Amino acid sequence: MSEPLELKKTLNLPKTDFPMKAGLPLNEPKQLEAWQQADLYQKILDARAGKPLFVLHDGPPYPTGTIHLGTGLNKILKDLIVKTKSMAGYYAPYVPGWDCHGLPIETQVEKELGGKGKVAPAEFRKLCRAFANRYVEQHKKDFKRLGVFGRWNDPYLTMSFDYEATIANAFLDFMEEGYVYRGRKPVYWCLFDSTALAEAEVEYEDHVSPSIWVKFGVLGGGKNEAGKIGADVSAVIWTTTPWTIPHNRGLAFHPDYEYAVVQTEKGKLLLSADRVAALQSECEIKQAEILATYKGRDFEGMLFQHPFLPIQVRGLLADYVTLDQGSGIVHTAPGHGSDDFNTGQRYGLEIYAPLDDKGVYTEGLPEYKGKDVFTANPIIVKLLADRGALLGHHSYKHSYPHCWRCHNPVIFRATEQWFIGMDAIPLPGKGSHSIDGKKSLRAEALAEIPNVKWIPGWGEERIYEMIEKRPDWCVSRQRFWGVPIIVFFCDACGAQLKDFAALRNVIEWFKKEGADAWYQHSPEELLPAGTKCSCGTAKFRKENDILDVWFDSGSSNLAVLTAKNGLVGPGQDWRPADVYLEGPDQYRGWFHSSLLVATGVRHASPYRSVVTHGWTLDEQGRPMSKSLGNAIEPAEISNKWGADLLRLWVTSVEYQADVKMSERVMTQLSEAYRKIRNTFRFALGNLGDFDPSRNTLPTDQLEEMDRWMLERTAELVRKCREWYAGYEFHRVYHAIHDYCVVDLSAFYYDVLKDRLYTKALNNPARRSAQTAVYKITSALVRIAATILVFTGEEIWKHLPKSAGEAASVHVALFPEASELRTGISAAQIAAWDLLAKVRAEVLKALETARNERKINSGLEAKVLLGGNPELRAKLNNHLTQLPGLFIVSQVDFLTAGASDYRSELVPSLEVSIHKADGSKCERCWNYSTHVGENSRYPTICERCSVALAEIEGAAS
């Protein structure tokens with residue numbers, strides 16, 4: 001007979017090359033390089049060829065600097081959606097893009113040049129293009145470092161020739177359908193950048209303005225009793241823009257409000273009866289006696305004397321007058337406000353705004369002519385005081401519109417601009433995608449909104465209200481870096497060329513040379529030979545303005561969702577994207593402009609669903625910024641913790657609300673990651689000798705506990721796939737984390753150790769455990785791979801595979817819950833659910849016994865259980881499995897005496913802990929009364945005797 005085996009060598013201890021320490025910052029770049037060399041993104045698309053199409057359309061960021069945490073959050077969320085759809089069996093290409101035109105890039109280039117106007121427009125555009133390209137390349141590296149897959153070698157750029165041609169063509173479609181007009185209206189105007197701004201380009205910040213109360217003397221007129229008011233009465237207005245007083249052309253009253261003439265120590269004053277107390281407080285008026293009251297409608301047509309100009313202004317009616325601030329009489333300057341303009345149009349008032357592009361008065365009194373509006377504010381306040389028209393003056397801090405890029409305060413200024421009419425009815429049969437109908441652009445866009453799925457749901461109401469109330473879209477900008485407005489004017493008669501076939505010839509130039517062609521060729525070159533104005537002449541001049549950058553990005557659906565990009569179905573030349581995902585500011589930005597462009601050109605929404613994420617904040621809830629010193633950039637996180645940790649953070653938070661980031665948060669997540677990683681490492685260590693094609697047991701041969709855990713894993717897979725489909729990534733993260741840490745590491749894998757380590761290599765109970773561990777690991781790594789893209793790939797490399805399985809986890813598909821179902825009965829599931837609860841209670845009793853020094857470890861314990869007859873019967877059905885389940889040496893039932901522990905979780909359960917009977921087995925460390933019965937191996941228990949007999953039998 002051979003020599004006895006060395007006991008330690010008969011144990012199947014875990015073996016794996018999968019390291020305990022991840023070393024993500026060092027290893028992730030190596031994995032990226034391997035993916036690039038293998039062209040993994042294309043392999044994923046090839047594997048999904050012919051599957052249903054899913055398109056997430058990328059909202060283009062500006063390439064103006066390194067990406068910040070909010071950009072990283074955005075791109076990772078998009079990548080999660082694309083990867084989850086791909087692994088769910090969809091053909092899900094991802095075409096990233098950049099918004100390369102506009103003020104952000106112009107501003108940066110002007111900084112590099114040392115100011116504005118340093119070079120000719122054509123050269124300036126060349127510098128802007130080079131700047132954008134430089135940062136596009138930087139962004140690509142940054143996004144790829146985060147594990148984001150996509151068509152990085154051929155992204156979409158709004159400055160590409162084809163894209164610029166698409167933008168220009170879309171504008172011509174709008175013009176041909178009758179939406180576009182040129183008009184003089186008040187628009188947001190940036191004095192610093194000398195350009196009009198869209199509402200989406202305006203941000204509100206705190207600003208201190210002069211708050212003034214001003215008198216306009218009554219001259220006469222009015223209706224009913226108001227017509228008898230004498231010239232010794234002055235109407236009172238309140239404003240925070242003294243610089244607009246020279247351009248006042250009326251005073252607006254609410255027709256239904258009650259107005260009063262009030263006797264004060266500063267004279268007789270006319271204002272809303274409800275605002276008399278406010279007047280006294282603001283203007284330090286002690287005496288205020290109401291002499292008479294009138295309805296606002298009676299002041300229509302009354303004339304008032306301008307406080308310092310030799311003009312009379314009229315009384316007007318307007319329902320936007322409110323009583324929350326001011327006097328209830330609104331100072332109306334039609335050249336400097338939307339409401340003012342509309343009221344002025346109704347009453348035929350002069351739209352007066354004599355300011356140049358820098359906000360300097362070109363007309364007016366010597367005191368302020370030649371000065372900019374903000375410099376003029378104190379001058380006009382003094383002028384009012386000198387004329388005896390100033391009732392009150394103080395500083396007023398309030399939220400005021402600022403330019404989104406230079407952060408300087410803006411003004412409302414009436415200028416000649418190009419507009420898209422929101423309420424214009426498209427002309428029948430016009431435009432390249434026209435449909436005959438009578439809906440306005442506003443009505444058509446509003447009709448599309450309920451057909452879109454908005455996540456969160458409040459998005460629908462937000463965008464509906466914005467579209468419903470928005471003014472006409474000012475689409476012209478007085479800049480150079482963008483797509484020019486394709487308009488020609490006749491040199492002879494000044495008429496606009498409306499020959500759209502001729503205008504579309506410019507599109508062909510753009511396809512060949514980009515929008516630079518507009519600046520490099522004459523009108524005669526750009527237009528077809530023989531193009532003439534209706535007056536008969538053939539000489540034209542070009543429009544100088546460019547299109548709003550939001551029109552550029554809003555046209556992305558037309559330029560990108562095409563057959564050329566593989567983002568449409570068979571026979572389609574365009575289709576809506578399945579989802580857009582951006583931050584909450586895009587309801588007035590890209591979500592908004594995309595909807596208007598798509599409905600204007602394609603008469604359909606550009607998206608089927610819209611997902612919104614929140615802002616990134618620091619631990620104190622403050623927005624992150626370099627100036628505050630609280631910014632944590634994605635590159636910093638990747639270099640210190642790894643991109644997988646950043647991705648874990650993205651999925652750990654409820655991203656639809658604002659999300660917080662800090663060093664402490666990352667430290668906590670690194671611990672969570674370590675636990676998840678170690679769970680996978682345990683599984684891989686115990687599958688070293690497992691070949692799925694040879695060692696997998698049929699379901700009916702699995703141990704009942706293994707079948708129960710596979711059933712639980714199937715349920716986890718089902719829920720995770722549902723949550724992925726609903727973009728509820730935080731639910732997936734927490735489910736995976738808890739399953740790894742609580743269900744597997746602390747419970748199932750802990751229980752399996754005895755079976756995996758001590759049973760003979762091919763023992764059915766051990767192969768049953770390995771079969772379950774393999775299936776659970778294969779399912780979990782595929783579910784987790786969309787989150788932990790690098791770690792998932794690393795696990796996949798070390799996981800045993802069957803023939804034909806994908807080389808990369810990202811080419812593989814999500815597990816189906818049905819793959820893990822075992823046919824276990826509801827009664828069996830209920831029994832194991834109960835046993836899991838009993839185990840939790842037994843562990844509490846064991847912990848108490850350890851603390852009381854009754855035992856040093858669980859294997860030194862004998863557990864006695866008590867309970868009512870029903871509970872005892874259920875426990876008795878699994879009595880032989882309970883020692884392994886509790887990780888103790890013996891389990892029996894209480895017969896007499898008091899218990900150590902009474903359960904509140906399991907009714908009637910009692911637990912008593914005693915020292916185990918017998919001696920400690922040298923091999924498995926369980927205690928048994930049979931140790932010493934095996935003469936060949938006198939230090940082992942009866943269980944190990946069976947295992948060694950199997951091992952020696954297999955060896956022989």
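In the predicted model, strand S7 and strand S12 (residues 312-317) run parallel and are joined by 4 bridges. Within this pairing, the bridge partner that Phe 253 finds in S12 is Leu 317. Strand S12 also pairs with S11, here in the antiparallel sense and over 3 bridges, and the two strands S11 and S12 form a hairpin in which 6 residues stand between them. In this second pairing, Val 313 of S12 is the residue that stands opposite Phe 304. As a general point, the side chains of a regular strand alternate between the two faces of the sheet.

A separate sheet is open and consists of 4 strands in the order S4-S3-S15-S17, with antiparallel pairing. Strand S4 (195-197) and strand S17 (473-474) each have a single partner strand and stand at the edges, so that one side of each is left without a neighbour in the sheet. Strand S3 (residues 180-190) runs antiparallel to S4 and is joined to S4 by 3 bridges; in one of the residue pairings between them, Trp 189 has Ala 196 of S4 as its bridge partner.

Because Phe 253 lies in strand S7 (residues 250-253) whereas Phe 299 lies in the loop between strand S10 (289-295) and strand S11 (303-305), the pair ties together parts that are 46 residues apart in sequence. Phe 253 is buried, with a relative accessible area of 0%, and Phe 299, at 0% relative accessibility, likewise counts as buried. The pair of Phe 682 and Tyr 749 is also stacked, because the ring centres are 5.0 Å apart and the planes stand at 25 degrees, which falls under the 30 degrees required for stacking. Here the two residues come from helices: Phe 682 lies in helix H21 (residues 663-685) and Tyr 749 in helix H24 (residues 729-758), so this pair ties together parts that are 67 residues apart in sequence. Both count as buried, Phe 682 at 15% relative accessibility and Tyr 749 at 3%. Elsewhere, one aromatic cluster is formed by Trp 454, Trp 458, Tyr 580, Tyr 587, Trp 590, Phe 591 and Tyr 607.

Aromatic rings also take part in contacts with charged side chains. Lys 83 lies over the face of Phe 149, at 3.6 Å from the ring centre, while the charged end of Lys 542 sits over the ring of Trp 518, 5.6 Å from its centre.

Finally, the cysteine residues were considered, and the count of disulfides comes to 0, a disulfide being taken as a pair of cysteine sulfur atoms within 2.5 Å. For Cys 490, the closest cysteine sulfur is that of Cys 535, and because the two sulfurs are 3.7 Å apart, they are too far for a bond. The case of Cys 493 is read in this way as well, because its closest cysteine sulfur, in Cys 533, is 3.6 Å away and therefore too far for a bond. As for accessibility, Cys 490 counts as buried at 1%, whereas Cys 493, at 43% relative accessibility, counts as partly exposed.

Definitions and conventions: Residues are numbered from 1 along each chain as its sequence is written. This is a predicted model: local features need pLDDT of at least 70, side-chain atom pairs count only at pLDDT 80 or more; totals for chains, interfaces and linings use all residues. Side-chain values use heavy atoms; hydrogens and water are left out. Two strands pair if DSSP finds at least two bridges between them. Buried means under 20% relative accessible area, exposed over 50%, partly exposed in between (1.4 Å probe, protein chains only). Rings of Phe, Tyr and Trp (its six-membered ring) pair if their centres lie within 6.5 Å; planes under 30 degrees apart count as stacked, over 60 as edge-to-face and the rest as tilted. A charge sits over a ring if NZ of Lys or CZ of Arg is within 6 Å of the ring centre and within 35 degrees of the ring normal.
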